[in-house]
Amino acid sequence: MKNKEKYGLHYGWVIVFVGFLLMWFVTCVFSSCSGMMVKPVSEDMGITRSQFSLAATFFSVAGMIVSIFVGKMYRKFTVKKTMLAGAIIFALCNAGFGISPNIYVYYIFAFIAGFAAMSSTMTAISTLLSRWFNEKRGLALALASTGSGIGGVIMNPFIGKLVTTIGWRKTYFVVAVIIAVVLIPAILLLIKDFPSDKGVEPYGEKINGSFEKEEESGMYAFEARKTPMFWLFVPVCMIVSISCNCIMHHTVAYATDIGYDYTFAAGIASVLTAGLAIGKIIMGQLFDSMGSRKAGTISLSIYVLCLVLYLFADNTAILYVSTAIFGFGGSFATIAFSVIVQDIFGKKDYATIFGNITVFSSLGGAIGSPAIAAVYDTLGTYKPAWACLAILMFVALIFLNIVFISKEKYEKNYAV
């Protein structure tokens with residue numbers, strides 16, 4: 001076996017590129033479309049923001065269900081097949097949003113879209129990259145996940161422009177066509193489930209003389225669930241997911257509520273996603289160079305600061321700063337979840353363990369968006385919610401460090 005292609009490019013980076021596209025045209029599109037559609041859809045259908053935000057809950061609940069079975073699903077159907085099915089169904093669901101006669105039909109498409117997205121994006125991407133990369137795993141994840149950030153820089157103003165010119169229904173149809181045209185060929189032609197499918201070793205693999213791979217180390221899922229690290233990491237993932245969904249889905253509405261016009265708010269959403277793209281690359285490098293604990297602590301500390309600054313976002317400069325630095329905290333959900341799971345529990349049963357963790361992060365996502373919408377509908381402002389989220393994120397920061405303390409104690413006891 002060999003480690004590089006003819007021209008020196010390891011095929012793992014091609015997998016990263018397809019992951020980038022999936023994060024752009026699935027994860028980013030759902031977040032950006034939802035954020036840009038809060039007011040247009042709510043006003044057109046005559047519903048509250050809480051009712052609209054329940055779509056994100058249905059999306060996340062579907063993701064929770066998929067996460068329970070994701071390990072078995074990838075073993076039975078391969079990651080490539082589930083990615084392809086997910087991309088096709090997600091495109092159809094976006095078209096479905098555009099023809100929804102009421103919010104209840106919209107909910108049905110959101111639920112189906114949740115199944116599609118979970119089977120084709122972060123869980124699938126991180127599973128592939130855990131196979132393709134032994135080194136630079138943090139960077140690989142960061143580059144793939146920047147698709148949701150870089151995509152947002154382009155999609156937010158693009159979607160905003162479409163909504164104001166052709167309406168939100170036709171906008172969903174345009175987005176559906178783009179998703180299908182980009183993702184279906186990319187997955188069919190470029191995705192390979194294992195390095196052996198291309199005749200290469202994982203990036204950074206140390207090869208023995210007979211070219212045999214060492215048995216993957218780590219725990220099985222049932223063993224991981226019995227450890228304190230698993231249950232200490234669960235609330236961290238839930239809190240981060242709650243905050244991410246709140247910020248991604250409600251920043252545009254929040255900006256217009258505090259006095260900015262819709263066009264400016266769409267620009268702020270682009271700043272948010274651009275910061276997310278930059279933050280992911282930097283944090284990916286930090287996770288590789290500093291280790292999970294230090295990098296994770298930095299990420300969540302910046303997240304706390306971001307949420308505190310959101311309280312003062314009626315100052316334009318502070319609004320720009322808070323949305324720009326969000327990426328350093330928001331990147332935790334796409335990079336840290338995957339890296340920390342592998343660092344603590346190993347690669348032996350990675351997809352199943354990551355899926356188990358994703359159940360709880362999806363639960364957080366299901367809670368977050370409608371909860372903050374309910375705060376707005378009740379109080380007429382998002383600010384109390386931002387304050388509560390800042391406190392919760394500080395709690396998550398404490399729990400993260402306890403996770404690594406518990407890991408050290410667990411390994412010491414296990415060694416004895």
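**Helix pairs and ring pairs**

At 27% relative accessibility, F111 counts as partly exposed. That label covers the range between buried, under 20% relative accessible area, and exposed, over 50%, with a 1.4 Å probe and protein chains only. F115 is partly exposed too, with a relative accessible area of 29%.

A word on the model. It is predicted, so local features need pLDDT of at least 70, side-chain atom pairs count only at pLDDT 80 or more, and totals for chains, interfaces and linings use all residues. Residues are numbered from 1 along each chain as its sequence is written, and side-chain values use heavy atoms, leaving out hydrogens and water.

Back to F111 and F115. Both sit in helix α4, residues 103-120. They are four residues apart, about one turn of the helix. Helices here are DSSP runs of H or I, at least four residues, and strands are runs of E, at least two, numbered from the N terminus.

How are the rings of F111 and F115 arranged? They form an edge-to-face pair, 5.0 Å centre to centre, with 85° between the planes. The rule is this: rings of Phe, Tyr and Trp (its six-membered ring) pair if their centres lie within 6.5 Å. Planes under 30 degrees apart are stacked, over 60 edge-to-face, and the rest tilted. By this rule, the count comes to 32 aromatic pairs. Ring pairs also link F52, F97, Y106, F109, W168 and Y172 into a cluster.

Now α4 and its partner. Helix α3, residues 79-99, packs against α4 at an angle of about 155°, with the axes 8 Å apart. Axes are lines fitted to C-alpha atoms, for helices over the stretch in contact, and angles run from 0 to 180 degrees between N-to-C directions. So α3 is roughly antiparallel to α4. The cut-offs: under 35 degrees is roughly parallel, over 145 roughly antiparallel, 65 to 115 roughly perpendicular, and the rest oblique.

The crossing of α3 and α4 is left-handed. That means the near helix is turned anticlockwise from the far one by less than a right angle; clockwise would be right-handed.

Which residues touch? On the α3 side they include F90 and F97; on the α4 side, Y106 and F109 are among them. Contact means heavy atoms within 4.5 Å. By class, the contact of α3 with α4 has 12 nonpolar, five polar and no charged residues. Nonpolar covers Ala, Val, Leu, Ile, Met, Phe, Trp, Tyr, Cys and Pro; charged covers Asp, Glu, Lys and Arg; the others, Gly among them, are polar.

Next pair. The axes of helix α2, residues 49-77, and helix α9, residues 228-257, come within 11 Å and cross at roughly 160°. These two are therefore roughly antiparallel. Their crossing is right-handed. R49, S53, A56 and S60 in α2 meet N245, H249, H250, A253 and D257 in α9. That contact has two nonpolar, five polar and two charged residues.

Look at S60 in α2. Is S60 buried or exposed? Buried, with a relative accessible area of 8%. Leaving aside neighbours within four places in sequence, S60 is in contact with N245, S362, G365 and A366.

Last stop: Q342, in helix α12, residues 316-345. Q342 is buried, at a relative accessible area of 9%. Setting aside neighbours within four places in sequence, Q342 is in contact with S130, R137, K347 and Y350.
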